[in-house]
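This report describes selected features of one protein model.

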Amino acid sequence: MPDQLRGDVRLLGGMLGTVLAETGGEDLLADVERLRRGVIGAREGTASAADITALVDSWPLDRANEVARAFTVYFHLANLAEEHHRMRAIRERDDAVDPPAGSLAAAVRDVRADGGEERLRAFIDGMEFHPVLTAHPTEARRRAVSTAIQRVSVQLDRLRGAYPGSSVETEAHRRLMEEVDLLWRTSQLRSTRLDPLDEVRTAMAAFDETVFRVVPEIYRALDTALDPEGAGRRPPLAKPFVRYGSWIGGDRDGNPFVTHEITREAISIQSEHVLRALENACGRIARTLTAHADLTPATEDLRDTLATAQAGYPRLAASISKRSPDEPHRQLLLFATERLRATRERDADLAYPGPEALLADLRVVQDSLQTAGAVRQAFGELQHLIWQAETFGFHLAELEVRQHSEVHAKALAELRSDAEPSEQTKEVLATLRVVAWIQERFGVEACRRYIVSFTRSAADVAAVYELAAYALPTGKAPVLDAIPLFETGADLEASPRVLDGMLELPDVQRRLEQSGRRLEIMLGYSDSAKDVGPVSATLRLYDAQGELADWAVRNDVRLTLFHGRGGSLGRGGGPANRALLAQAPGSVAGRFKVTEQGEVIFARYGQAEIARRHIEQVGNAVLMASTDEVQDRARAAADRFRALADGIAAAAHDAYRGLIDADGFAEWFSRISPLEELGDLRLGSRPSRRSAARGLDDLRAIPWVFAWTQTRVNLPGWFGLGSGLAAVDDTDRLRAAYAEWPLFSSLLDNAEMSLAKTDRSIAERYLALGDRPDLTELVLAEYDRTRDLVLKVTGHERLLENRTVLSRAVDLRNPYVDALSHLQLRALGALRSAPEGMSERDHEHLERLLLLSVNGVAAGLQNTG
């Protein structure tokens with residue numbers, strides 16, 4: 001472990017130990033230490049699992065809860081230490097002369113060398129990255145805990161930046177101890193369930209703290225890479241290529257708590273945050289732009305704009321002029337700041353009608369500064385503000401609506417029969433009316449995409465437009481892009497046929513004509529993987545992407561594939577840049593849209609340096625994946641190894657379905673995991689099931705993956721791969737595929753990460769709770785087979801041998817996760833075999849211990865669903 005990281009972990013861990021002794025007594029610290037030494041000893045062979053079980057079972061439930069909370073807080077601190085180390089590493093690798101791999105500068109260099117300047121400019125002009133924030137309940141931490149961790153982070157930064165031995169260092173150390181103490185005293189569990197607006201406000205924290213500031217820095221990095229000498233002194237060569245979307249407050253598929261009122265309030269909250277951010281940025285620049293008229297004369301256009309403001313708002317203009325005499329550029333920016341405030345406060349007289357009017361004022365200032373020769377002022381911080389306004393508008397992120405196709409079908413059946421509409425149908429119509437209101441208030445781009453879950457035919461898409469006609473009279477209906485979501489394996493295979501039907505719909509034809517023949521479809525990773533297993537889902541998604549890309553060429557359509565990836569590997573997660581380079585040739589075409597879910601939002605956007613690195617890596621991959629060289633290499637590898645992959649997928653599919661189709665599997669899964677208790681964690685507003693049914697088909701992919709993660713099995717990330725690889729009796733050919741085909745290497749690398757987070761010995765104890773030796777043996781045998789064959793194909797001696805940073809993180813955490821797993825096993829075992837005479841108090845304490853351990857394991861593995 002690097003010395004600085006080791007130092008931070010020891011510092012924070014020592015502070016936590018001091019807090020434990022102060023608040024719970026030395027005996028609490030001693031118990032935590034006994035368990036810590038025990039689980040490390042079990043890994044080293046000096047202690048047994050039976051010893052640890054006896055220790056955990058010896059504690060009263062109150063003490064077991066305290067120990068679970070201690071290990072959970074430790075993980076928060078260890079994660080923070082690693083985050084700080086990662087930020088240090090990013091800063092150290094930031095080299096303008098020799099840009100690091102994965103940066104935009106590296107992509108510009110490589111694309112320029114490969115295709116020349118003209119090809120590079122075409123790529124840059126067409127590049128798009130569209131992350132969509134979702135409220136999927138995969139963030140186990142309370143917002144209060146996240147805020148407490150952020151305060152610890154600030155003080156750790158302050159301490160590490162202080163001069164050794166100084167009074168500043170002493171005070172920073174004291175404040176850090178204070179914040180660690182408060183983190184310990186903050187409840188890890190939510191007492192009430194989140195509502196959708198809580199989720200909106202939580203996501204806004206990422207925008208306020210990092211996203212708004214980071215996005216223009218990304219554009220600046222790209223602009224500098226394109227022309228280092230002229231950057232900041234000429235009109236930008238980089239165009240805004242990041243566009244945020246959001247499902248938070250708009251996704252009502254299976255969530256009865258998202259209503260039309262929630263959707264309307266969600267966009268209002270977003271607008272409040274972005275307008276305040278623009279107002280603050282504009283005011284800050286205005287206060288510093290003290291260029292005198294004699295030294296930097298204003299253009300006639302700027303003088304005319306100020307005169308118009310004087311005529312319309314004489315008192316305000318006079319006040320600004322008095323504060324900033326002979327500083328015309330500053331005056332117009334101060335006026336723009338007041339108009340932004342009025343827009344935020346709904347003062348219709350002074351408010352901007354939309355972001356275009358703000359941009360017009362900003363460009364007047366910029367043009368005037370450039371004309372006067374003040375090019376550094378024209379294309380410096382002012383350009384950042386222009387980029388921010390272009391990226392976020394007055395709505396921050398496009399709010400997307402999602403609903404299940406069956407809801408639409410039922411609503412249309414009622415409306416066509418002239419029956420009294422049900423409450424659900426009334427809600428569908430009210431939602432479409434709110435979409436129209438949002439467009440009128442914030443512009444069409446604020447809310448025009450309508451996702452149709454479980455699209456099976458073109459009729460499911462046509463239903464959205466027909467419902468809009470019922471909701472609003474002709475001429476009042478909103479502009480809509482109905483986007484089909486293909487989720488299951490069968491739906492993916494049928495997707496080209498569905499799109500053929502869509503092209504025949506008049507409403508789709510009209511939108512294609514209006515948008516320059518742009519069309520978007522969404523691919524669901526979660527349900528396809530849950531349906532057919534990770535190997536088959538990966539291949540089917542790849543095939544679907546290739547077929548859809550070919551379909552788009554045949555039909556002269558500019559297709560954008562929207563990737564519905566989860567945060568976990570079992571739901572299509574993993575490094576986004578590597579996933580991009582593994583896409584089917586022609587399917588990226590300079591555009592990448594993807595969901596950013598739950599815990600992923602804060603992992604990627606919680607710290608500015610990490611957010612910047614993430615967006616740069618995706619931008620790099622978007623550019624590189626669109627080059628002829630990368631696509632030709634991937635196409636050749638796919639042609640060479642496709643038959644091999646089909647054989648693997650067929651055997652993997654049979655193995656996967658053989659497990660989940662086994663008699664009694666659903667009941668067994670509920671017994672061996674905390675599946676049914678996950679709802680008590682109150683992770684989000686959406687129920688874990690789409691209906692009251694208790695089978696696997698109705699279970700959402702998130703609790704499916706989350707529950708397997710808790711058992712330390714991580715089954716959705718690897719099960720079936722071993723059987724698939726075993727079906728191929730040619731190791732050399734498998735190794736060649738791993739070396740040459742990005743899709744195959746990504747599949748094995750992701751499985752390797754899931755396997756590394758699996759602990760066989762602890763997983764065996766969870767599996768035994770189901771009292772089904774046949775299913776336990778099936779799972780463990782497949783694990784052994786998969787682990788052995790993945791190592792054989794990759795050529796690694798141990799898992800994650802070539803991933804030093806990730807391997808270190810897993811090795812650092814695993815013993816401490818073991819401690820929480822032992823505590824969870826105690827609670828789960830007791831609850832599963834609870835006698836009728838168990839007291840209500842003991843039952844509550846066991847449930848609390850279970851939930852605390854679930855929360856802690858999620859923090860330790862840095863993964864939920």
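The sections below cover the basis of the model, the sheet, a helix pair, salt bridges and some single residues.

## Basis

The model is predicted: local features need pLDDT of at least 70 and side-chain atom pairs count only at pLDDT 80 or more, while totals for chains, interfaces and linings use all residues. Residues are numbered from 1 along each chain as its sequence is written, and side-chain values use heavy atoms, with hydrogens and water left out.

Helices (H or I, at least four residues) and strands (E, at least two) are DSSP runs numbered from the N terminus. Buried stands for under 20% relative accessible area, exposed for over 50% and partly exposed for what lies in between, with a 1.4 Å probe and protein chains only.

## The sheet

Nine strands form an open sheet with parallel pairing, in the order β3-β2-β1-β9-β8-β7-β6-β5-β4. Its edge strands are β3 (398-399) and β4 (401-404), each of which pairs on one side only. Two strands count as paired if DSSP finds at least two bridges between them.

Strand β1 (residues 128-134) pairs with β2 (residues 245-246) in the parallel sense over two bridges, and with β9 in the parallel sense over seven bridges. Leucine 133 has a partner in both neighbours: serine 246 is its bridge partner in β2, and glutamate 596 stands opposite leucine 133 in β9. Strand β9 also pairs with β8, in the parallel sense and over two bridges; here the bridge partner of histidine 563 is valine 594 of β9.

How many residues of strand β9 (residues 591-597) are buried? The count is seven of seven, and the strand is mostly covered. Arg591, Lys593, Thr595 and Gln597 point one way from β9, whereas Phe592, Val594 and Glu596 point the other way, and all are buried.

## Helices α10 and α11

Helix α10 (residues 300-312) packs on helix α11 (residues 314-323) at an angle of about 125°, and the axes are 5 Å apart. This angle makes α10 oblique to α11. Axes are lines fitted to C-alpha atoms, for helices over the stretch in contact, and angles run from 0 to 180 degrees between N-to-C directions. Angles under 35 degrees count as roughly parallel, over 145 as roughly antiparallel, 65 to 115 as roughly perpendicular, and the rest as oblique.

On the α10 side the contact (heavy atoms within 4.5 Å) is made by Ala309, Gln310, Ala311 and Gly312, and on the α11 side by Pro314, Ala317 and Ala318. These residues divide into five nonpolar, two polar and no charged. Ala, Val, Leu, Ile, Met, Phe, Trp, Tyr, Cys and Pro count as nonpolar, Asp, Glu, Lys and Arg as charged, and the others, Gly among them, as polar.

## Salt bridges

The structure holds 68 salt bridges, each a side-chain nitrogen of Lys or Arg within 4 Å of a carboxyl oxygen of Asp or Glu. Aspartate 8 and arginine 160 form one of them, at 2.7 Å from N to O. Aspartate 8 lies in helix α1 (residues 3-24) and arginine 160 in helix α6 (residues 143-161), so the pair ties together parts 152 residues apart in sequence. Aspartate 8 is buried at 1% relative accessible area, and arginine 160 is partly exposed at 44%.

Aspartate 27 and arginine 63 meet in a salt bridge of 3.6 Å, N to O. This pair links distant parts of the chain, with aspartate 27 in helix α2 (residues 26-44) and arginine 63 in helix α4 (residues 61-93), 36 residues apart. Aspartate 27 is partly exposed at 45%, while arginine 63 is buried at 14%. Arginine 234 and aspartate 227 also form a salt bridge, with the closest N and O atoms 2.7 Å apart; arginine 234 is buried at 14% and aspartate 227 partly exposed at 24%. Salt bridges that share partners join Glu272, Arg276, Glu279, Glu338, Arg341, Arg344 and Glu345 into one network.

## Single residues

Most residues other than glycine have a negative phi. Aspartate 418, in the loop between α16 (405-416) and α17 (423-442), has a positive phi of about 60° and is exposed at 69% relative accessibility. Aspartate 556, in the loop between α22 (534-554) and β8 (558-564), has a positive phi near 55° and is exposed at 55%.

Proline 773 lies in helix α33 (residues 773-794) and is exposed at 64% relative accessibility. Proline 773 and leucine 415 are 358 residues apart in sequence and 53 Å apart in space, C-alpha to C-alpha.
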